[in-house]
Amino acid sequence: MIRQSEEVTLASILKSDYVFFLKGRPAKEEVVKLLTDGLYPQVSNFVTAKALYEKVTEVEKLNNVLETGFYIPHAKLAEIDRFYTALAIIPEGSLDPKSGITVRAALLLLTPNRPVFFQQHLNMLSKLSRLFQPAFMDSIVAMKDGVQVREAVAKHE
Amino acid sequence: MNPPSLRFKQVLVLSTAMLSFISFWKAASVVLCDMGSSAFYAGGIAMNAFGPAFPWYVLAVMLFSGLMLMVYVESCAMFVRGGVYKVVNEAMGHSMAKISVSSLMFDYMITGPVSSVAAGLYVSSLLYNIMPLMHINWHVPHKLFAVLFAVTVTAFFWRENIKGVEESTDKNFKIMGFVTLVGAVLIIWSLSTVYQRGFKLPPFDLKFTSESMGWMTNFPYLQTIGLVGIFMAFGHSILALSGLETLAQVYREIEDPKIKNLKRAAFTVFLFSLIFTGGLTFLASSIIPQDLIGGKYLDNLLSGLALELNGPYWARLVLQCFVVVSGSMMLVGAVNTSMVGSNGVLNRVAEDGILHDWFRHLHKKYGTTYRMINMVAIIQIIVIIISGGDIYLLGEAYAFGVLWSLVFKTLSLIILRFRDDMPRDWMFPFNIKVGKVYFPVGMSVVLLVLITASLVNLLTKRVATISGISFTIVFFSIFQISEYMNRKKAQLYMPDDDSEEKMNMRKEAEIANILPELDKARKILVPVRNPSNLVHLKSVLETTDDETTDIIVLAAKISKGIQLEGETGDMAPEDKDLFTSVILLAEKYGKPVKPMLVFSNDPFYSIAQVAHAAGVDEVVMGVSGTTGAEVQLERLAIAWGMLEKKDNAARSVMAKVVWEGRQLSYKL
């Protein structure tokens, strides 16, 4: 069965409070932990922090860092009924030892685990990889807060 | 700094000839260039063996060819690459397969000489008529000319095959078009002549010579049985059946719908053989005076037919020219087919380890199995010289291989009816269903006829029996010794890589270089990785109209580090396994595919890149046992997004993951 695409914008699901600027050069696992911990308050009614982290890390075993230096940890949760995101910006970069790529931005995406959302989930993944190109990341690592980042996302999306 | 770009450095494109498919017309023309050529000599040889009743038997053999073609259709429907060796091997095991291939090789060894000598005799008869008109008083003895002509033709194709010149189905098609035209003129003119002169059916009486009786003279009680005489005459005419094996060789190249086109090709071959070989032999017997058939036209019957028609001499001579030219083209083509066919069969058995690797040594410059070709050509030339241009002697030696390979093939198919109850796409008619088995009544009758004719031929065709059995024993021994040596070698070394499909790979630096070859309205990209997981490719081949759609089969080979920075690899054995499976599947459905191999450190990025560059409409993936369908779609979606430029209008592609009984489809 072919499901029709329904547009969901990143700007509509990314709240400025959930844009985190990480200092230093954290390991990839630390980035994932910081993102899940940071995003957790949004989904605390549906899932425990431990379960969320475990779910995300389970999916991450199969996930790759993109050559652009962007990283999209993501998971599908049956308990939620809309998309949730949190964005980590790492100005100094985080080295992924597996690929040798330096990660400068990572976006945690939680998607409702229902077939009707999967088309939107795919569209969102495509949109993220298209948006977070090196030039865009150059611009957001230089920004000061989440509000600016969210505006940039809305502008370039 | 991030590592080098993920973009792949090189694309390897598979350009093997097996990936383009031909119409049933072309397939029929390939078979007919071999089988139909017997029209030029079968009648004369049969006349020499048992007298003026020959047209009945040539016609009977042509009718019987219809039944044999049906046997071949069932065989091909079961095995895409289902020559005698494969089918006998499946049904009766290795040893019987070796014997059947040995006898088939004998057929090939005689097909070349009989065809080239026949062509030489036709050309010689034409020169005999033309040279006096040109005031050239130079007479070359027919048989000497035929030998020289045959050796020259064989040497020519020897060289061509060493150089690896591919047999062109287009060329066969054109030759058959020309032959059909000449044949049609000959038939119409003959019918007009018969109408004017009146028609008398050939006699039924059989007048065997002591030579054509062979050892049967030692069994006088058998001569009193009428049916034995009929089978003796049938056996002397059965050489008109040669060339059927070509249908099995060409089946893999027939386009979709495969079985339907195979049946069409078989029917075309049957109809042409019946009218051309059977009909013209019949007409020749009723138009040419009997003494001339047994005399000056014995070895060039159709030339004789042209010359004995009603009409001015110059017009008959012109027709003879056309008959000789078309006949020579066909007969000479049969020489090449015998060389290509025997080389193909030897390669096939060599792949199975029953021919020593020495024979498989490739030519330094042309990459052909020149030792096999040398062996075939040398044997053919020796046979030509020994025959001294005597077509009857060659005809006597002929048919041993044809008959016994047909016996083994038919018997094997009957055995497989009991051993393999998988549903057949097509079955020889007249079956009785007992439980799961369709008892092959019709095919058993065919086998009975074949076995009887073969046994009778053993007694009557002394030359065929002695030379055929000797040759079969020699070849069987070569196979046995080779197998023994290869087995010993296999215990010492790793398996030989050459046992794979012959792959012609072309290297391209850019995917853009390949795009002009993808010119159909729709395009589907089918990524492949595991030769045992091609369900998705099968689904695409089953449902796609290849007239309007290019099917690109992409293997993205994970290659990290140095290869991406500069070098790229070549095909590894596992890649060959994968593409062999792809080719076999494409052959099964008769639909062309464009196989490509790229080296990349992210297969999904490669898939997206090729899909994007080629403008494909669909990407159809097989499900991965490691990640699962959804993860595959996610990774493709991410890769697809990376390629989309913000300023460009977004392109969409349908992404599918297909596995047994299920599929996921999403638009990216």
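Hi everyone. A word on terms before we start: when I say helix, I mean a DSSP run of H or I with at least four residues, numbered from the N terminus. With that in hand, B:Ser467 belongs to helix 20 of chain B, which covers residues 462-492. Please keep in mind throughout that this is a predicted model.

Let's stay with that serine for a moment. Is B:Ser467 buried or exposed? It has 20 C-beta neighbours inside 10 Å, and the cut-off for buried is 20 or more, so B:Ser467 counts as buried. If you look for B:Tyr398, you'll find it 69 residues away along the chain, with 9.5 Å between the two C-alpha atoms.

Now to helix 5 of chain B, residues 94-133. This helix has 40 residues and spans 59 Å from first C-alpha to last, close to the 58 Å expected at 1.5 Å a residue. There is a bend, though, of about 25 degrees at B:Leu127. Helix 5 of chain B is largely enclosed by the rest of the structure, because 30 of its 40 residues are buried.

What follows helix 5 of chain B? That would be B:His135, with a positive phi near 60 degrees, although this residue is not a glycine. B:His135 sits in the loop that leads from helix 5 to helix 6 (142-163) of chain B. Its C-beta has 6 neighbours inside 10 Å, so B:His135 counts as exposed.

Another non-glycine with a positive phi is B:Phe430, at about 65 degrees. You can find it in the loop between helix 18 (400-419) and strand 2 (431-434) of chain B. B:Phe430 has 14 C-beta neighbours inside 10 Å and therefore counts as partly exposed.

While we're on loops, have a look at B:Pro257, between helix 11 (245-251) and helix 12 (258-287) of chain B.

On to helix packing. Helix 15 (residues 313-351) and helix 16 (residues 370-387) of chain B have axes 10 Å apart and pack at about 130 degrees. That angle makes helix 15 of chain B oblique to helix 16 of chain B. The crossing is right-handed. On the helix 15 side, the residues that meet helix 16 of chain B include B:Met339, B:Ser342 and B:Leu346; their partners include B:Met372 and B:Val376.

The second pair is helix 24 (residues 603-614) and helix 25 (residues 629-643) of chain B, whose axes come within 8 Å and cross at roughly 50 degrees. This makes helix 24 of chain B oblique to helix 25 of chain B. Among the residues in contact are B:Phe604, B:Ala608 and B:His612 from helix 24 of chain B, along with B:Leu636, B:Ala639 and B:Trp640 from helix 25 of chain B. Here too the crossing is right-handed.

Helix 25 of chain B brings us to chain A. Helix 4 of chain A, residues 115-131, has 17 residues and reaches 25 Å between its end C-alpha atoms, close to the expected 24 Å. Its buried residues include A:Phe117, A:His121, A:Leu125 and A:Arg130. What covers the buried residues of helix 4 of chain A? From chain A, the cover includes helix 1 (10-13), strand 2 (70-71) and strand 5 (101-112). From chain B, it includes helix 25 and strand 10 (662-667).

How values were computed
Residues are numbered from 1 along each chain as its sequence is written. Chains are lettered from A and ligands numbered from 1 in the order in which they are written. This is a predicted model: local features need pLDDT of at least 70, side-chain atom pairs count only at pLDDT 80 or more; totals for chains, interfaces and linings use all residues. Helices (H or I, at least four residues) and strands (E, at least two) are DSSP runs, numbered from the N terminus. The expected span of a helix is 1.5 Å times one less than its number of residues. The bend at a residue is the angle between axes fitted to the seven residues ending there and the seven starting there. A residue is buried if 20 or more other C-beta atoms lie within 10 Å of its own, exposed if 12 or fewer, and partly exposed in between; C-beta atoms are placed from the backbone. Axes are lines fitted to C-alpha atoms, for helices over the stretch in contact, and angles run from 0 to 180 degrees between N-to-C directions. Angles under 35 degrees count as roughly parallel, over 145 as roughly antiparallel, 65 to 115 as roughly perpendicular and the rest as oblique. A crossing is left-handed if the near helix is turned anticlockwise from the far one by less than a right angle, and right-handed if clockwise. Two residues are in contact if their C-beta atoms, placed from the backbone, lie within 7 Å.
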